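Here are my notes on this one, for whenever you have the viewer open.

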Amino acid sequence: MKIAHEETFGPVAPLIRFTSEDEVIRRANDIEYGLASYFYTNDLSRMYRVSEQLEYGMIGINDPAPFAVQAPFGGIKESGVGREGGTEGIEDYLVVKMTSVQIRQ
C-alpha cells in the first residue's frame, strides 16, 4: 500500500495486520520518514520496549495527539532535523560556551 511508505498528513488511520511485535516494529521503521508514530497498549513493559525501538521523533502511547507547546516538536530521518517548541526549539539559535576559571590564592 502506498500509505505504508509515505508521510501522509491528514486524518488517516490505516490498519495493517501483523503477527509479532518484532514484525510490526520492523515494518514501522522500514520507511524513510520519522515524524510521529502511535500505538496502544495496556502492557507497561511493552510501552517501554516498543517506544525505545521506534525510529520517530514523537511517539504517542495511548495518546492520539502527543503534542504540547512546551514540548519539542519534530521528526527524524527525512522528516526533519531539529525541534520546534520547548527548550529544545531555541537551541539552534544559541551558542553554547563553557568557561572555566580557577582562582588561586
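1. A definition to begin with: buried means under 20% relative accessible area, exposed means over 50%, and partly exposed is in between, with a 1.4 Å probe and protein chains only as cover.

2. Some ground rules. This is a predicted model, where local features need pLDDT of at least 70 and side-chain atom pairs count only at pLDDT 80 or more, while totals for chains, interfaces and linings use all residues. Residues are numbered from 1 along each chain as its sequence is written, and side-chain values use heavy atoms, with hydrogens and water left out.

3. On to the record. UniProt, in an unreviewed entry, puts the feature "domain: Aldehyde dehydrogenase" at residues 1-98. Its positions are in the numbering used here, feature names are shortened, and annotations may be inferred rather than shown by experiment. Over residues 1-98 the chain comes out as 19% helix and 12% strand, and the end C-alpha atoms sit 50 Å apart. Helices (H or I, at least four residues) and strands (E, at least two) are DSSP runs, numbered from the N terminus.

4. Salt bridges next. How many does the structure hold? There are four, counting a side-chain nitrogen of Lys or Arg within 4 Å of a carboxyl oxygen of Asp or Glu. One of them pairs Arg46 with Glu21, with the closest N and O atoms 2.6 Å apart. That pair links distant parts of the chain, as Arg46 is in helix H2 (residues 44-53) and Glu21 in helix H1 (residues 21-29), 25 residues apart. Glu21 also bridges to Arg49, here with 2.5 Å between the closest N and O atoms. This second pair again links distant parts of the chain, from Glu21 in helix H1 to Arg49 in helix H2, 28 residues apart. Put together, Glu21, Arg46 and Arg49 are linked in a network of salt bridges.

5. Arg46 is partly exposed at 34%, and Arg49 is partly exposed at 33%.

6. Back to Glu23, which forms a salt bridge with Arg27, the closest N and O atoms being 3.3 Å apart. Both residues lie in helix H1, four residues apart, or about one turn of the helix. Arg27 counts as partly exposed, at 37% relative accessibility. Arg17 is worth a look here too: leaving out residues up to four places away in sequence, Arg17 touches Glu23 and Arg27, where contact means heavy atoms within 4.5 Å. Arg17 sits in the segment before H1 and is exposed, with a relative accessible area of 79%.

7. What is tucked away in H1? Its buried residues are Glu21, Glu23, Ile25 and Asn29, and what covers them includes H2 and S4. Asn29, buried at 14% relative accessibility, touches Gln53, Leu54, Glu55, Tyr56 and Lys77, not counting residues up to four places away in sequence. Ile25, with neighbours within four places set aside, is in contact with Val50 and Gln53.

8. Ile25 also belongs to the largest nonpolar core, which has six residues in all: Ile25, Ile31, Phe39, Val50, Leu54 and Tyr56. Such a core is a set of buried Ala, Val, Leu, Ile, Met, Phe, Trp, Tyr and Cys residues joined through side-chain atoms within 4.5 Å.

9. Two backbone spots I would flag. Most residues other than glycine have a negative phi. Lys77, not a glycine, has a positive phi of about 55°; Lys77 is in strand S4 and is partly exposed at 30% relative accessibility. Asn62 has a positive phi as well, near 55°. Asn62 lies in the loop between strand S3 (58-61) and S4, and is partly exposed with a relative accessible area of 40%.

10. Last, the distance across the chain. The C-alpha atoms of Arg17 and Ile103, 86 residues apart along the chain, are separated by 66 Å.
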